Amino acid sequence: MLLKIIVLIGALALIGIILWWFFGKFEQAAGKAKVVDGKQEGRVVVKGGYNPQVMVFKQGQPAEVVFDMQDSTACLSHVVFEKLGVDKDLAKDPHARVKIPTDQAGEFDYACGMNMFHGKVIVK
Ligand SMILES: [Cu+2]
């Protein structure tokens, strides 16, 4: 009986650690924008993918994603926001800015020109 309780407590503790690790990591993965002159600016580094992969903006304040191109592969040279009809050539403009509408909450997925790497912008 005592052994069963110890095993149960051990299992619960393990689940707790896994949840804490998982959500802690998720929290870390989402990028926060900084506010410059009343405008939200979220910097995304493009290097073998998008970092951070998820950028969060507050609703109701002008917002822009600033891409910082540090990758020379053709694969990542374009960034495409399908919903917004945006296709930026990062090879030509390595600090391209993309305006994000913040009038309502929503999610905007973006991808490289070949739809291999993915990122997301969340307005909430
Ligand atoms: Cu690609």
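**Strand 3 and the sheets of a predicted model**

Strand 3, residues 39-46, is mostly covered, with six of its eight residues buried. The model is predicted. Its chain has one helix and eleven strands, and read along the sequence these follow the pattern α-β-β-β-β-β-β-β-β-β-β-β. Strand 3 pairs with strand 2, with strand 6 and with strand 4.

**Strand 3 and strand 2**

- Strand 2 (residues 34-36) runs antiparallel to strand 3, and three bridges hold the pairing.
- Within this pair, Val35 stands opposite Gln40 of strand 3.
- The two strands form a hairpin with two residues between them, where Asp37 takes a positive phi near 50°.

**Strand 3 and strand 4**

- Strand 4 (residues 50-51) is also antiparallel to strand 3 and is joined to it by two bridges.
- Asn51 in strand 4 is the bridge partner of Val45.
- This hairpin has three residues between its strands, and Gly48 in the turn has a positive phi of about 65°.

**Strand 3 and strand 6**

- The pairing of strand 3 with strand 6 (residues 63-69) is parallel and comprises seven bridges.
- Arg43 has Val66 in strand 6 as its bridge partner.
- Strands of a sheet pair through backbone hydrogen bonds, in either the parallel or the antiparallel sense.

- Six strands make up an open sheet with mixed pairing, in the order 1-5-11-10-7-8.
- At its edges lie strand 1 (30-32) and strand 8 (86-89), each of which pairs on one side only.
- From one strand to the next, the twist averages 25°.
- Strand 10 (residues 106-112) and strand 11 (residues 118-123) run antiparallel and are joined by six bridges.
- Tyr110 stands opposite Gly119, a residue of strand 11.

**Whole-chain values**

- Of the 124 residues in the chain, 32% are buried.
- Taking contacts between residues at least 6 apart in sequence, 52% join residues at least 24 apart.
- The chain has an accessible surface of about 8,400 Å², and carbon and sulfur atoms account for 62% of that area.

Key. Residues numbered from 1 in each chain as written. Predicted model: local features only at pLDDT ≥ 70, side-chain atom pairs only at ≥ 80, totals over all residues. Heavy atoms only, no water. Pairing = 2+ DSSP bridges. Helix = DSSP H or I, 4+ residues; strand = E, 2+ residues; numbered from the N terminus. Axes fitted to C-alpha atoms, helices over the stretch in contact; angles between N-to-C directions. Buried < 20%, exposed > 50% of the residue type's maximum accessible area, 1.4 Å probe, protein only. Contact = heavy atoms within 4.5 Å. Areas by Shrake-Rupley, 256 points an atom, 1.4 Å probe, with all protein chains shown as cover.
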